[in-house]
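Thanks for coming. I will go through one model today, from the overall make-up down to single residues, and the sequence and structure come up now.

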Amino acid sequence: MIRRVLFLVSLLAAGPLAAADATADALQPFEMVRTLQMLQAQIAGGNAAAVAAQRELLVVMEGKFLAADPAIWQDGRNARAAVTYTLSGGSPRLMRGLLARTPPIAVETNLAAGALAYIENREDEARKDLLPLDARSLPMSLGGQVALVQAGLVAREDLGRAIHLLDDARLLMPGTLVEEAALRREVFLVAQKGDLDHFEFLSRQYLRRFGTSIYAEDFRQRFATAIARLGIADGDDRFPRLEAILKSSDPENQRALFLQLAQAAVVHGKLTTARSAAADAAKLSPLGGGDAMRAGLYDAAASIVAGNDIADVAKLLGNLNRRQLARRDADLLDAAVAVAGAVGEVPTVPTPLDPVPVVSADAKRGDTWVTDNMRTAEADLAAADALLEKASSP
């Protein structure tokens with residue numbers, strides 16, 4: 001199986017592997033970890049086949065590492081490779097066994113123990129062992145991984161330090177999945193901090209370098225939500241700057257980004273941004289296709305405002321095929337239809353000869369002035385609010 005994995009890796013990699021000439025049994029753990037990191041670089045570049053190859057390689061590595069001669073872990077390169085393997089999604093069984101051995105493996109005990117604690121979700125122990133370490137003092141192939149983990153451990157209480165650590169991770173391991181993950185996470189941390197210029201710079205970097213990553217969809221969803229929730233596109237000059245960022249990627253990426261931005265903007269009530277993003281998405285969508293329908297939905301939902309012809313908007317919404325929409329978009333359509341119905345309903349005006357219908361006094365509120373039409377409108381708006389809340393949930 002090892003030979004088959006290495007053959008697949010050699011096809012995925014930009015050039016032949018140095019280990020390709022070696023026999024499977026001659027491979028050292030640090031050499032197999034290099035192969036793993038090459039596969040991960042392919043994942044960052046968008047190669048879906050590399051995801052399956054990584055899973056297979058991790059299984060192979062587990063078996064080989066567990067069966068290895070204990071003396072092999074006295075080589076510092078192999079001991080560090082065990083830590084990298086653990087932090088890269090490998091089985092915790094290896095590190096548990098290595099930490100129980102005498103003599104110990106040739107790596108700092110807190111580094112090995114912290115890596116194990118981290119993947120086993122023992123966060124307090126991971127923080128105690130890993131946060132005092134200087135990732136820049138480690139070999140780059142391990143230091144970047146450690147900095148990425150450290151950033152995750154401090155992000156909730158110290159945004160500034162987390163951003164600094166993600167910078168370290170990117171600089172230590174450029175062109176790797178570690179850089180991709182660090183850049184993807186840093187974009188949203190600087191947005192939370194309110195540094196919009198830095199947000200724009202890092203977003204442009206991500207789209208240029210990793211726009212085809214296997215994880216780019218996650219980036220696009222969180223990017224759109226951050227823009228809508230934090231009001232990043234608000235203001236006369238903001239949306240054109242944002243458009244320039246999005247248009248720096250390929251057309252397919254642009255369309256996906258504009259659609260997700262329009263959806264998030266509608267849900268968060270950023271209606272001007274929603275309509276602008278929907279218009280950009282519509283220009284990039286084939287006529288009659290699903291993306292064109294989504295763009296039309298977001299534009300119509302954002303058009304339910306005073307001054308617009310609500311009847312026309314309701315007609316547009318009614319022409320959409322709900323069965324062709326994903327669940328979240330179908331919920332959004334239901335909410336938009338309910339809101340349009342509530343806003344567009346014209347109350348009955350009583351003639352001067354007829355008494356104004358009045359609801360009997362409410363003992364608790366005493367609002368004898370509330371009419372039946374007002375009660376109905378209140379119920380419709382409450383239903384619309386519930387649908388909007390449902391549409392905004394993941």
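I start with helix H6, residues 109-119, whose buried residues are Leu-111, Ala-112, Gly-114, Ala-115, Leu-116 and Ala-117. Buried means under 20% relative accessible area, exposed means over 50%, and partly exposed is in between, with a 1.4 Å probe and protein chains only. Helices are DSSP runs of H or I with at least four residues, strands are runs of E with at least two, and both are numbered from the N terminus.

Before going on, the conditions. This is a predicted model, in which local features need pLDDT of at least 70 and side-chain atom pairs count only at pLDDT 80 or more, while totals for chains, interfaces and linings use all residues. Residues are numbered from 1 along each chain as its sequence is written, and side-chain values use heavy atoms, with hydrogens and water left out.

What covers the buried residues of H6? The cover includes helix H4 (76-87), helix H5 (92-99), helix H7 (123-130) and helix H8 (140-154). Contact here means heavy atoms within 4.5 Å.

Two packed helices are described by the angle between their axes and the distance between the axes. The axes of H6 and H7 come within 8 Å and cross at roughly 155 degrees. Axes are lines fitted to C-alpha atoms, for helices over the stretch in contact, and angles run from 0 to 180 degrees between N-to-C directions. H6 and H7 are therefore roughly antiparallel to each other; the cut-offs are under 35 degrees for roughly parallel, over 145 for roughly antiparallel, 65 to 115 for roughly perpendicular, and oblique for the rest. The crossing of H6 and H7 is left-handed, a term used if the near helix is turned anticlockwise from the far one by less than a right angle, with clockwise giving right-handed. On the H6 side the contact is made by Asn-110, Leu-111, Ala-113, Gly-114, Ala-115, Ala-117 and Tyr-118, and on the H7 side by Glu-125, Ala-126, Asp-129 and Leu-130. By class, that contact has seven nonpolar, two polar and two charged residues. Nonpolar covers Ala, Val, Leu, Ile, Met, Phe, Trp, Tyr, Cys and Pro; charged covers Asp, Glu, Lys and Arg; the others, Gly among them, count as polar.

Now the loops on either side of H6. Most residues other than glycine have a negative phi, and most peptide bonds are trans. In the loop between H5 and H6 sits Pro-103, and the peptide bond from Thr-102 to Pro-103 is cis, with omega near 0 degrees. Asn-121 lies in the loop between H6 and H7. Its phi is near 65 degrees, a positive value in a residue other than glycine. At 69% relative accessibility, Asn-121 counts as exposed.

Gln-145 lies in helix H8 and is buried, with a relative accessible area of 7%. Leaving aside neighbours within four places in sequence, Gln-145 is in contact with Thr-84, Leu-87, Ser-88, Met-173 and Val-178. Leu-172, in helix H9, counts as buried at 13% relative accessibility. The C-alpha atoms of Leu-172 and Gly-143 are separated by 6.8 Å, and the two residues are 29 apart along the chain.

H9 (residues 159-172) also packs with helix H10 (residues 177-193), at an angle of about 155 degrees and with axes 9 Å apart. That makes H9 roughly antiparallel to H10. H9 passes H10 in a left-handed crossing. The residues of this contact divide into ten nonpolar, two polar and six charged.

Last, the whole protein. How many helices and strands are there? There are 19 helices and zero strands. Buried residues make up 45% of the 394 residues. The largest nonpolar core has 112 residues, and those with the most contacts inside it are Val-83, Phe-223 and Leu-317. H10 gives the most to this core, with ten residues. A nonpolar core is a set of buried Ala, Val, Leu, Ile, Met, Phe, Trp, Tyr and Cys residues joined through side-chain atoms within 4.5 Å.
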